[in-house]
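Hi,

Here is the structure I promised to send over. Have a look at it first, and then read on for what turned up when I went through it.

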Amino acid sequence: FDGMAFWDAEHGVAFSDPVDGSFLIIRTADGGAHWVAVPPEHIPPPLAGEAGFAASGTAIHVEGTDNAWFGTGGGSVARVFYSADRGRTWSVAETPIAGGPTSGIFGITFWDTLNGVAVGGDHTKRFERSQNVIRSRDGGRTWTVVGGAEPPGCRYGVAHVLGAAGPLLVATGPSGWGYSRDEGASWTAIDTLSYNTLGGVAGSGTLWAAGAEGRIAKLIAPAR
């Protein structure tokens, strides 16, 4: 499996690369004790070579009580699958992030039902500058490029901290990590140490990053 996320203590969802011609998506309603697979006919079919990148575990995200999204790569285009019924049925949207065997979406996050960003790139181009941040304002149905991450290079993960004036976005990858206060349009580098994944506790104002050589960092969201 490429990633999992929980809406609450009982209800969660996980997804894997395609199995027998369909993405494998499973759901739980008892805290993970039991899981059921979403029928393939409720999931749009994958493109040739399409799969999920598991670098950070942030390629899947849930919001509220019912919404879920996951991003893909490997196919001719990078896409976002989205569900508004707690993972029972799914739709899919193409995005402007380049696809390809080593390219696509690595991380996705939404701070409300409609607004979110996805990040990615080509994992063989770890330090090259690219337009690898995209944004949606309609729940993942359409996406536009909004900028390139800082430090430049493929982004493996993204997360957000909500504040009074909107989200603080943090994205990380092999070239380092940085933050954005304008929904991904511009970024400020934090440092150039390599981190692969991000996580936090909702409402805590704190994020943790983990990376190579057992490295763990804690970020406390700065005040404006």
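To get you started: does Glu 213 count as buried or exposed? Before the answer, please keep in mind that this is a predicted model. Glu 213 counts as exposed, because its relative accessibility is 75% and the cut-off for exposed is over 50%. You'll find Glu 213 in the loop between S18 and S19. Its phi is near 60°, a positive value in a residue other than glycine.

S5 is joined to S6 (residues 67-71) by 4 bridges, and the two run antiparallel. Across that pairing, His 61 stands opposite Trp 69 in S6.

The loop between S7 (77-83) and S8 holds Arg 86.

On S8 itself, have a look at Pro 96. With a relative accessible area of 39%, Pro 96 is partly exposed. Leaving out residues up to four places away in sequence, Pro 96 touches Ile 134, Trp 143, Thr 144 and Val 145. Val 77 is 19 residues away from Pro 96 along the chain, and their C-alpha atoms are 7.7 Å apart.

S8 also matters for the next item, the second largest pocket. Its volume is about 190 Å³. There are 14 lining residues, and Ala 98, Gly 121, Asp 122, Ser 130 and Asn 132 are the closest to the centre. Which strand gives the most to this lining? S8 does, with 3 residues. S8 (91-98) and S10 (116-122) each supply at least two residues of the lining. By type, the lining has 4 nonpolar, 6 polar and 4 charged residues.

How many of the 7 residues of S3 are buried? The count is 6, so S3 is largely enclosed by the rest of the structure. Ser 22, in S3 (residues 22-28), counts as buried, at 8% relative accessibility. Ser 22 touches Asp 17, Pro 40, Ile 43 and Pro 46, again not counting residues up to four places away in sequence.

S3 has pairing partners that you can trace in the viewer. With S2 (residues 12-19), S3 pairs over 7 bridges in the antiparallel sense, and Ser 16 has Leu 24 in S3 as its bridge partner. The hairpin of S2 and S3 has 2 residues between the strands, and Asp 20 there takes a positive phi near 55°. S3 also pairs with S4 (residues 36-37), over 2 bridges and again in the antiparallel sense. In that pairing, Arg 27 stands opposite Val 36 in S4.

One last thing to look up: which peptide bond is cis, with omega near -5°? The bond from Glu 150 to Pro 151 is. Pro 151 is found in the loop between S12 (144-147) and S13 (157-163).

Over to you!

Definitions and conventions. Residues are numbered from 1 along each chain as its sequence is written. This is a predicted model: local features need pLDDT of at least 70, side-chain atom pairs count only at pLDDT 80 or more; totals for chains, interfaces and linings use all residues. Side-chain values use heavy atoms; hydrogens and water are left out. On a 1 Å grid over the protein atoms alone, a cavity is a set of points where a 1.4 Å probe fits but cannot get out, and a pocket is an open set with protein on both sides within 12 Å along at least five of seven lines; lining residues have an atom within 4 Å of a point. Grid points are joined across faces, edges and corners, and a volume is the space filled by probe spheres set on the points. Ala, Val, Leu, Ile, Met, Phe, Trp, Tyr, Cys and Pro count as nonpolar, Asp, Glu, Lys and Arg as charged, and the others, Gly among them, as polar. Two strands pair if DSSP finds at least two bridges between them. Buried means under 20% relative accessible area, exposed over 50%, partly exposed in between (1.4 Å probe, protein chains only). Contact means heavy atoms within 4.5 Å.
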